[in-house]
Amino acid sequence: MKKIQQYSLMFVLIAGMIFSLSACGDAKAKEEYKAAYQQLLSDMEYAGEMDLDDVDTAIEVLQDIRYNMTQFIAIDPPSACKEGHEKLASGCQAMINYIDTAFEYVDMIESGYGDSLWERYDNFNAAGNFGEYSSGLGSIFNRDQEKQELEDAENRMSTYLQTAFTDMSEGIAILDEVYS
């Protein structure tokens, strides 16, 4: 009987040690997650302050933020942070979609999407050589389709931005509560 009590006591002590070690590990994971979360907030703050007149820097910053958001989404958060992480990750994904669509939109604009018929005609004439601008001649007649594609991209960007703002705000509120 005494041996059973000793084994029971030993089992309770071992279980207590395992529990305390796992709690310690969860605390460490929680602190590591907090550091990644704070870095994400810092990146978003930096993006809000960037000079949009410096296009090259803005593109570089947006690409860095996109990468960091992708990394943040992939984090396996501690259990106390899962709900907030899911919301924040959803907001990050919406922001990534916004950034990708914004880059596509800029590419469309730079390639002449939405130009009026006269702007295209002037570009065609300025080329001075049919071979240099022959691809532009065929696109003169696609103006309505291109305008629709631009409008679709604008609508997607608006939706992505709204989703990003809503989900990130909710995720930040949840995680701030976890860490307060």
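Colleague: Which hand does the crossing of H2 and H3 have?
Modeller: In this predicted model, H2 and H3 cross in a left-handed way. Helix H2 covers residues 55-73 and helix H3 covers residues 82-110. They pack at an angle of about 150 degrees, and their axes are 9 Å apart.

Colleague: OK, and which residues in H2 meet H3?
Modeller: Ile59, Leu62, Arg66, Met69 and Phe72 are among them. On the H3 side you'll find residues including Leu88, Cys92, Ile96 and Asp100. By class, that contact has 12 nonpolar, 4 polar and 2 charged residues.

Colleague: Arg66 and Asp100, what do their side chains do?
Modeller: They meet in a salt bridge, 2.7 Å from N to O. Arg66 sits in H2 and Asp100 in H3, so the pair ties together parts 34 residues apart in sequence.

Colleague: Switching topic: how many residues are in the largest nonpolar core?
Modeller: That core has 20 residues, and Tyr33, Tyr37, Met69, Phe72 and Leu88 have the most contacts inside it. H3 gives the most, with 6 residues.

Colleague: What does Leu88 touch?
Modeller: Leaving out residues up to four places away in sequence, Leu88 touches several residues, including Tyr37, Leu40, Phe72 and Asp167.

Colleague: And which salt bridge does Asp167 make with a lysine?
Modeller: Its side chain meets that of Lys87, at 3.6 Å from N to O. Lys87 also pairs with Glu170, at 3.0 Å. Shared partners join Lys87, Asp167 and Glu170 into one network.

Key. Residues numbered from 1 in each chain as written. Predicted model: local features only at pLDDT ≥ 70, side-chain atom pairs only at ≥ 80, totals over all residues. Heavy atoms only, no water. Axes fitted to C-alpha atoms, helices over the stretch in contact; angles between N-to-C directions. Helix = DSSP H or I, 4+ residues; strand = E, 2+ residues; numbered from the N terminus. Left-handed = near helix turned anticlockwise from the far one by under 90°. Contact = heavy atoms within 4.5 Å. Nonpolar A, V, L, I, M, F, W, Y, C, P; charged D, E, K, R; others polar. Core = buried A, V, L, I, M, F, W, Y, C linked by side-chain atoms within 4.5 Å. Buried < 20%, exposed > 50% of the residue type's maximum accessible area, 1.4 Å probe, protein only. Salt bridge = Lys/Arg side-chain N within 4 Å of Asp/Glu carboxyl O.
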